[in-house]
Structure formats: C-alpha cells, structure tokens
Amino acid sequence: MDPRQQELAARIAGRRGAVRGPFRVWLHSPEMCERAESLGAFARFDCSLPKHLRELTLLMAARNWDAQYSWNAHVHQAIEAGIPQAAVEAVAEKREAVFEDAADQAFYQFCREILEEHFVSDGTFARALGHFGSKGLVDTIGALGNFTMLGMCLNTFQVDLQADREPPFPDIRGYGRVGHDTDGPRP
C-alpha cells in the first residue's frame, strides 16, 4: 500500500477494529474509500435512526442485493439491537415481516417499498413521516443508499464469505442464484 492507503487503513482499523470486507476493495481508490467510510460510519453510528432500525436497514439492503457477507456480519447485531428473530427470518426468506411496534412496521414498509418498487406510496410515506420526520426519512434513504453500494461492492468483487457461517439465503450459494451457472470466483 502507498502512504495514503496506509493512512486510511490505520484510520479504518482504529474505528472498526480491522480492515475487512469492502474496505479491502475500496482501498484501491483511496478517495472513494475515504468517502464511503465516512458515509458508512454516519449510516451505522451517527444518523438519527435508532440502532435497531439502522441494523434493519442494513439487513434489508443486504437481502435486496443478496449480499451475504454484509448480512452475516450484521444479523446478530440486528437481533441484539431488538429486531425480532421472526422478522429477520422473513427478510432472509423474502417474506413479509411483521412488527408489533407501529413505528417499526411503518419503517419496514417504507424501506421495503423503495427497495422493491423503487417508489413509496403516499400512505406509506405519510406513516413513516409521522414517526420519523423528514430528517429520519432522509437518513433512511442515505443509509439504504450506502448499504446498497456496500452490497454491490461485496458481490462484484466477491469478497470472501465468512467460512464459519451458513449461507443466509435459501436461493443464493456462493456468488450466484441456486440453479444458475456462474463462471467461478474472480481473481
């Protein structure tokens, strides 16, 4: 690594414990890495959403992009933060998740619609806005965008899946859909 990459790697390791996953890829472009790390840190640690919803956002974006590394790295954190196991399983299996808390359900529906439909209905928007305000919804979109970029990076560069983890999604094995041919791992 050149001096700029070494500086960024040290900063990332200091904040996150090590240089893992997407950062090993992003360090090839130090400027991109610095900006992605900053946005990612905001989305994970500093945005206006409560921790359990930050983690739910990450899981929903990970599942939307079939990003197994990201899912595996955060599924236990989401459950520990308060996302019900049944909701986690529903997201993993692409089933409708149900939350007892009205705010959590409105949040889930907002995220689901934008990820799956690419639009949010007026009713869903109004409910989410009532619970989270405009700042919360802007932070949600920023987090979803960041975690989408993360999933795209992990899958494109085939970041090593955690060897000690079971595949989290029933329809994905390695870096492909079950039943679809792939060319094999990238160098």
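Which handedness does the crossing of H4 and H7 have? I looked this up before anything else, in what is a predicted model. The crossing of H4 and H7 is right-handed.

**Entry: the H4 and H7 packing.** I took helix H4 as residues 51-64 and helix H7 as residues 102-116. Their axes come within 11 Å and cross at roughly 25°. The cut-off for roughly parallel is an angle under 35 degrees, and H4 and H7 are therefore roughly parallel to each other. I then listed the residues that make the contact. H4 contributes His52, Leu53, Leu56, Thr57, Met60, Ala61 and Asn64. From H7 come Asp104, Phe107, Tyr108, Cys111, Arg112 and Leu115.

**Entry: aromatic pairs.** I noted 5 aromatic pairs in the structure. I wrote down two of them in detail.

In the pair of phenylalanine 99 and tyrosine 108, the ring centres are 5.6 Å apart and the planes stand at 45°, so I recorded the pair as tilted. Phenylalanine 99 has a relative accessible area of 7% and is buried. Tyrosine 108 is also on record here as buried, at 3% relative accessibility. Tyrosine 108 is one of the H7 residues in the contact with H4.

Phenylalanine 107 and phenylalanine 132 form an edge-to-face pair, with 5.5 Å from centre to centre and 65° between the planes. This pair links distant parts of the chain, since phenylalanine 107 belongs to H7 and phenylalanine 132 to helix H8 (residues 122-156), 25 residues apart. I checked burial for both partners. Phenylalanine 107 comes out at 1% relative accessibility, which counts as buried. Phenylalanine 132 has a relative accessible area of 18%; the limit for buried is under 20%, so phenylalanine 132 is buried.

**Entry: a charge over a ring.** I looked at arginine 63 next. Its charged end sits over the ring of phenylalanine 169, 4.2 Å from the ring centre.

Entry: Which loop holds aspartate 66? I found aspartate 66 in the loop between H4 and helix H5 (68-81). Its phi is positive, about 55°, although the residue is not a glycine. Aspartate 66 counts as buried at 8% relative accessibility.

Glutamine 158 lies in the loop between H8 and strand S1 (172-173). Is glutamine 158 buried or exposed? Glutamine 158 has 15% relative accessibility and counts as buried.

Technical notes. Residues numbered from 1 in each chain as written. Predicted model: local features only at pLDDT ≥ 70, side-chain atom pairs only at ≥ 80, totals over all residues. Heavy atoms only, no water. Phe/Tyr/Trp six-rings, centres within 6.5 Å; stacked < 30°, edge-to-face > 60°. Buried < 20%, exposed > 50% of the residue type's maximum accessible area, 1.4 Å probe, protein only. Helix = DSSP H or I, 4+ residues; strand = E, 2+ residues; numbered from the N terminus. Lys NZ or Arg CZ within 6 Å of the ring centre and 35° of its normal. Axes fitted to C-alpha atoms, helices over the stretch in contact; angles between N-to-C directions. Parallel < 35°, antiparallel > 145°, perpendicular 65-115°, else oblique. Left-handed = near helix turned anticlockwise from the far one by under 90°. Contact = heavy atoms within 4.5 Å.
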